[in-house]
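I opened the notebook to look up one residue and its surroundings. The entries below follow the order in which I checked things.

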Amino acid sequence: MSAAPDRMRPRLVREASSDEGSAVAEFVIAGAFVVLLLLSVVQLALALHVRTVAIDAASEGARLGARSGMTLDDARERARNLLAESLSTAYAQDVAARTVVRDGATLVEVRVDAPLPVIALLGPSSGLSVTGHALVEPS
C-alpha cells in the first residue's frame with residue numbers, strides 16, 4: 001500500500017515536521033551576529049584612530065619643544081591642546097615632556113598616557129602609552 005497523502009496525515013504531525021518560521025529565527029541570529037561583528041570593527045577602528053591621534057600629538061609636541069627658543073612646557077602644552085581638540089580633555093590629562101640623550105644626540109621626548117577606548121570612548125585610564133621624539137635644534 002502506498003504512503004498516505006499529506007492531507008490525510010494528522011494535522012499535528014504535519015505541523016511538527018514543518019520548517020515554517022525557522023527562516024525568521026535564523027535571520028535574527030545571523031543578523032545579530034553581523035551587527036556584533038560590525039560594531040567590533042567600528043570599535044577597533046576607533047581605538048586605532050585614538051592611538052594614531054595620540055602618536056601625532058606626542059610627535060608634534062616634541063617637534064615644537066625641540067625648536068630653538070622653545071621649552072618643554074611648550075611641548076607639553078602643544079600635545080595637550082592637540083589631544084583636547086581632536087579627542088577629549090580626558091585624553092590630555094597625562095602628558096609629560098623631557099629631554100633625553102641617545103647616541104650623543106639630545107632629543108625632546110613627549111609621552112602621552114591616555115585611556116584605551118574599549119567601549120565607545122570609555123576604557124581603562126592608562127591603557128595607551130605613546131611617545132614622540134624630535135632632535136633638539138642648536139640655539
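Entry 1. I started with S129 and asked how exposed this residue is. S129 has a relative accessibility of 39%. Buried needs a value under 20% and exposed a value over 50%. S129 therefore counts as partly exposed. I noted that the model is a predicted one.

Entry 2. Next I looked up where S129 sits, and found the residue in strand β3. Strand β3 covers residues 128-135. L128, V130, G132 and A134 make up the covered face. S129 is on the uncovered face, together with T131, H133 and L135.

Entry 3. Which residues does S129 touch, leaving out those up to four places away in sequence? I found R111, V112 and D113. I then checked the side chains for polar contacts. The side chain of S129 has a polar contact of 2.8 Å with the side chain of R111. The side chains of S129 and D113 also make a polar contact, at 2.7 Å.

Entry 4. D113 belongs to strand β2, which spans residues 105-114. Apart from residues up to four places away in sequence, D113 touches D94, L128 and S129.

Entry 5. How do β2 and β3 run relative to each other, parallel or antiparallel? I found them antiparallel, with eight bridges joining the two strands. G132 is one of the residues I had listed on the covered face of β3.

Entry 6. S129 and I55 are separated by 74 residues along the chain. In space, their C-alpha atoms are 9.0 Å apart.

Entry 7. Last, I looked up the whole protein. I counted three helices and three strands. Along the sequence their order is α-α-α-β-β-β. The protein has 139 residues, and 27% of them are buried. Among contacts with a separation of 6 or more, 49% are between residues 24 or more positions apart. The accessible surface is about 9,500 Å², and carbon and sulfur atoms account for 60% of that area.

Notes. Residues are numbered from 1 along each chain as its sequence is written. This is a predicted model: local features need pLDDT of at least 70, side-chain atom pairs count only at pLDDT 80 or more; totals for chains, interfaces and linings use all residues. Side-chain values use heavy atoms; hydrogens and water are left out. Helices (H or I, at least four residues) and strands (E, at least two) are DSSP runs, numbered from the N terminus. Contact means heavy atoms within 4.5 Å. Buried means under 20% relative accessible area, exposed over 50%, partly exposed in between (1.4 Å probe, protein chains only). Accessible areas come from the Shrake-Rupley method with a 1.4 Å probe; for residues, only the protein chains shown count as cover. Two strands pair if DSSP finds at least two bridges between them. A polar contact is a pair of N or O atoms within 3.5 Å; within protein, one must be able to donate a hydrogen and the other to accept it, and residues adjacent in sequence count only if both atoms are side-chain atoms.
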